[in-house]
Amino acid sequence: MPRHLLNPMDFSVQELEELMDLAVDIQAKPEKYAHACDGKILATCFYEPSTRTRLSFESAMLRLGGQVLGFSSAASSSAAKGESVADTIRVIGSYADICAMRHPKEGAPLVAALHSPIPVINAGDGGHQHPTQTLADILTIRTLKGRLGNLTIGLCGDLKFGRTVHSLINALSRYDNVKFILISPPELRVPGYILEGLKKKNLAYEEYSSLEDAIPQLDILYMTRVQKERFFNEDDYIRMKDFYILNNEKMKLAKEDMLVMHPLPRVNEISVEVDDDPRAVYFQQARYGMFMRMALILTLLEVEV
Ligand code: NCD
């Protein structure tokens, strides 16, 4: 049976540490890994828009010496003719060695994994999970903060539909002394099932609606975009989209070593003036994502280097 990555919890804390160590080694010694995946093929099956996730997966495989094929929209695949994900993956399984899948429906990559002869990586499923963004996030935090425990992390914006937020909370909930500060408008709170999970584990969290009130205590501020494509009603989106705008004025309230992270794409929630602040690390974060995807491909394909 192939091994899949559908949720960050599919890897133990120890395995995530090993993945990060491997990513660090790949970044330091790229030539050592340049032919590790010679002859292997990655399929990127993207039923939803993407820039970073798809291209960083493709770049990751190409940098490992492998090749890539795939589609970047449902409209250009046979999904447009009504084919099921289960049928599609059975076929892709004979064309490729590993598949990264993004889908607007929660659980679609899980369905694919249940029918797949090759490893399936969830590259984002609806408003549910986005484990490879979490891989980028934890390597960013470990590298720039030196630790994944003893942190107060603020997650701000669309905490209801933001799948990167759900995956990151899952992953960080296993480290010691992590406090979650959840900053959102009341309509976009973290879903109840995730809050229940935090309560069950006795993990500290507080909910805020004001970013200014929350920011002074944070070690990390993880900003997110309001997920327009998940709203049923355009008026609600318009009302909520500029609820939070991080600017230099608000950055003055933050700790001198607070990191500002964002999975990107950014819309208005971080003013471009913040880009020049040394605490803004979102572009570095995207780069770490590529090295983590390289490490993930090697691990799921069980390639020894
Ligand atoms: C995120 C996603 O697709 O969930 N993007 C990404 O992969 N970096 C965040 C978003 O779209 O807002």
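**Ground rules**

I number residues from 1 along each chain as its sequence is written, and side-chain values use heavy atoms, with hydrogens and water left out. Because the model is predicted, local features need pLDDT of at least 70 and side-chain atom pairs count only at pLDDT 80 or more, while totals for chains, interfaces and linings use all residues.

**Entry 1: the ligand**

I started with the ligand. Which residues surround the ligand? I listed Thr53, Arg102, His130, Gln133, Arg163, Thr164, Arg225, Gln227, Pro263, Leu264 and Pro265. A residue counts as near a molecule if one of its heavy atoms lies within 4 Å of it.

I then sorted this shell by residue type. Three of its residues are nonpolar, five are polar and three are charged.

Next I looked up atom pairs. A polar contact is a pair of N or O atoms within 3.5 Å; within protein, one must be able to donate a hydrogen and the other to accept it, and residues adjacent in sequence count only if both atoms are side-chain atoms. In the side chain of Arg102, an N or O atom is 3.1 Å from a ligand oxygen. The side chain of Gln227 also has an N or O atom at 2.8 Å from an oxygen of the ligand. Pro263 uses its backbone: an N or O atom there lies 2.8 Å from a ligand nitrogen.

How much of the ligand does the protein bury? Alone, the ligand exposes 310 Å², and the protein buries 94% of that. These areas come from the Shrake-Rupley method with a 1.4 Å probe; for residues, only the protein chains shown count as cover.

I also checked where the ligand sits, and found it in the largest pocket. On a 1 Å grid over the protein atoms alone, a pocket is an open set of points with protein on both sides within 12 Å along at least five of seven lines. A molecule sits in a pocket if more than half of its atoms lie within 2 Å of its grid points.

**Entry 2: helix H7**

Helices (H or I, at least four residues) and strands (E, at least two) are DSSP runs, numbered from the N terminus. Buried means under 20% relative accessible area, exposed over 50%, and partly exposed in between (1.4 Å probe, protein chains only). Among the buried residues of H7 are Arg163, Thr164, His166 and Asn170.

**Entry 3: the loop between S9 and H12**

Now the loop between strand S9 (259-261) and helix H12 (282-300), where I found Pro265. The peptide bond from Leu264 to Pro265 is cis, with omega near 10 degrees. Leu264 is in this loop as well. Its phi is positive, about 65 degrees, although Leu264 is not a glycine. Why does Leu264 count as buried? Its relative accessibility is 12%, so it falls under the 20% limit.

Glu273 lies in this loop too. It counts as partly exposed at 37% relative accessibility. Asp275 is another residue of the loop, and at 26% it is partly exposed. Its C-alpha atom is 9.6 Å from that of Asn248, 27 residues away along the chain.

Thr132 is in helix H6 (residues 131-145). It is buried, at 0% relative accessibility. Which side chain does the side chain of Thr132 contact? It makes a polar contact with the side chain of Arg293, at 3.0 Å.

Asn150 lies in the loop between H6 and strand S5 (151-156). Its phi is near 50 degrees, a positive value in a residue other than glycine. At 46% relative accessible area, Asn150 is partly exposed.

Glu48 is in the loop between strand S1 (41-46) and helix H3 (52-63). It is buried, with a relative accessible area of 8%. Leu195, in helix H8 (residues 192-200), is buried at 4%.

Key. On a 1 Å grid over the protein atoms alone, a cavity is a set of points where a 1.4 Å probe fits but cannot get out, and a pocket is an open set with protein on both sides within 12 Å along at least five of seven lines; lining residues have an atom within 4 Å of a point. Ala, Val, Leu, Ile, Met, Phe, Trp, Tyr, Cys and Pro count as nonpolar, Asp, Glu, Lys and Arg as charged, and the others, Gly among them, as polar.
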